[in-house]
Amino acid sequence: MTPIITVSNVSKTYNTGEVETAALTDISFEIKKGEFVAIMGPSGSGKSTLMHILGALDVPTSGNYILDGENVAKLNDDQLAEIRNKKIGFVFQAFNLLPRTSALKNVMLPMMYDATPKEKRLPLAEKYLKMVGLGDRMDHTSSQLSGGQQQRVAIARALVLNPSIILADEPTGNIASSQAEEIMAIFQKLNKEGHTIIMITHEPDIAEHAKRIIHIKDGVIVKDGVEHKQRKAK
Ligand SMILES: Nc1ncnc2c1ncn2[C@@H]1O[C@H](COP(=O)(O)OP(=O)(O)O)[C@@H](O)[C@H]1O
Ligand SMILES: [Mg+2]
């Protein structure tokens, strides 16, 4: 199967005045459609930098990044914005929902700027909210929901434009550990249904819910595999 993501010899260097920081050095990997991958590493290892590149929020200093057939590394800002909207469903650590707005409206929002026909927006938002187990909370505002519930709204919002990949940045970083398990169960369910999920985390317990873990340290891949599965088997 053709990979949905091909990262080839990607390096990213930040220049701040005199200082040059190599955040990523010659990183290469592929992700196939339908994978559930965690990218794990300690603070300062380059996770956010890699997430920004994978999410078409930034481009590498050198190397190529092919997302679903398009070389993102060669795109300008407008083209990057278009790729982001079309191909990536973002889930952020801080949820990034509108506060005094219902779950339903939050999930409908991406469709307001999209070609989704008006009459389809409400049924689609309802479908995805039910999918994340919030069928009975659709009219609640974000402030009336727990952290875990807010993150589930954010996941429904990420799904609504049918992205090629779900890209989650520390998705359980702001929620209680009992609710973190629920979020991981949803990701596993979505993955079983065929969604490709890439999750950035510094927490080993969270990374273990993925089928594959790419470990990065000091801007390089130090391990890439599925060795955690043995520990999970009961
Ligand atoms: N905008 C920036 N300007 C300069 N240096 C940066 C910038 N962003 C990150 N860095 C540096 O790049 C390295 C990797 O950072 P980052 O990708 O944020 O790691 P992580 O998310 O794993 O903590 C660190 O040394 C960090 O200080
Ligand atoms: Mg970071």
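This is a predicted model: local features need pLDDT of at least 70, side-chain atom pairs count only at pLDDT 80 or more; totals for chains, interfaces and linings use all residues.

Biologist: How do you know that the span of helix α5 agrees with its 13 residues?

Modeller: At 1.5 Å a residue, α5 (residues 147-159) should span 18 Å, and its end C-alpha atoms are 19 Å apart, so the two agree.

Biologist: What makes α5 largely enclosed by the rest of the structure?

Modeller: Buried means under 20% relative accessible area. Twelve of the 13 residues of α5 are buried, so the helix counts as largely enclosed. Among them are G148, V153, I155 and L159.

Biologist: Which elements do those buried residues pack against?

Modeller: They pack against strands β6 (88-91) and β7 (165-169), plus helices α3 (103-112), α4 (118-131) and α6 (177-192).

Biologist: Now the ligand. Why is the pair between T49 and ligand 1 called a polar contact?

Modeller: The cut-off for two N or O atoms is 3.5 Å. A polar side-chain atom of T49 sits 2.6 Å from an oxygen atom of ligand 1, so the pair qualifies. Backbone N or O atoms do it too: one of G44 is 2.6 Å from a ligand 1 oxygen, and one of K47 is 2.9 Å from a ligand 1 oxygen.

Biologist: How much of ligand 1 does the protein bury?

Modeller: Alone, ligand 1 exposes 560 Å², and the protein buries 62% of that.

Biologist: Which element gives the most to the shell around ligand 1?

Modeller: That's α1, with three residues. The shell's residues divide into eight polar, three nonpolar and one charged.

Notes. Residues are numbered from 1 along each chain as its sequence is written. Chains are lettered from A and ligands numbered from 1 in the order in which they are written. Side-chain values use heavy atoms; hydrogens and water are left out. Helices (H or I, at least four residues) and strands (E, at least two) are DSSP runs, numbered from the N terminus. The expected span of a helix is 1.5 Å times one less than its number of residues. Buried means under 20% relative accessible area, exposed over 50%, partly exposed in between (1.4 Å probe, protein chains only). Contact means heavy atoms within 4.5 Å. A polar contact is a pair of N or O atoms within 3.5 Å; within protein, one must be able to donate a hydrogen and the other to accept it, and residues adjacent in sequence count only if both atoms are side-chain atoms. Accessible areas come from the Shrake-Rupley method with a 1.4 Å probe; for residues, only the protein chains shown count as cover. Ala, Val, Leu, Ile, Met, Phe, Trp, Tyr, Cys and Pro count as nonpolar, Asp, Glu, Lys and Arg as charged, and the others, Gly among them, as polar.
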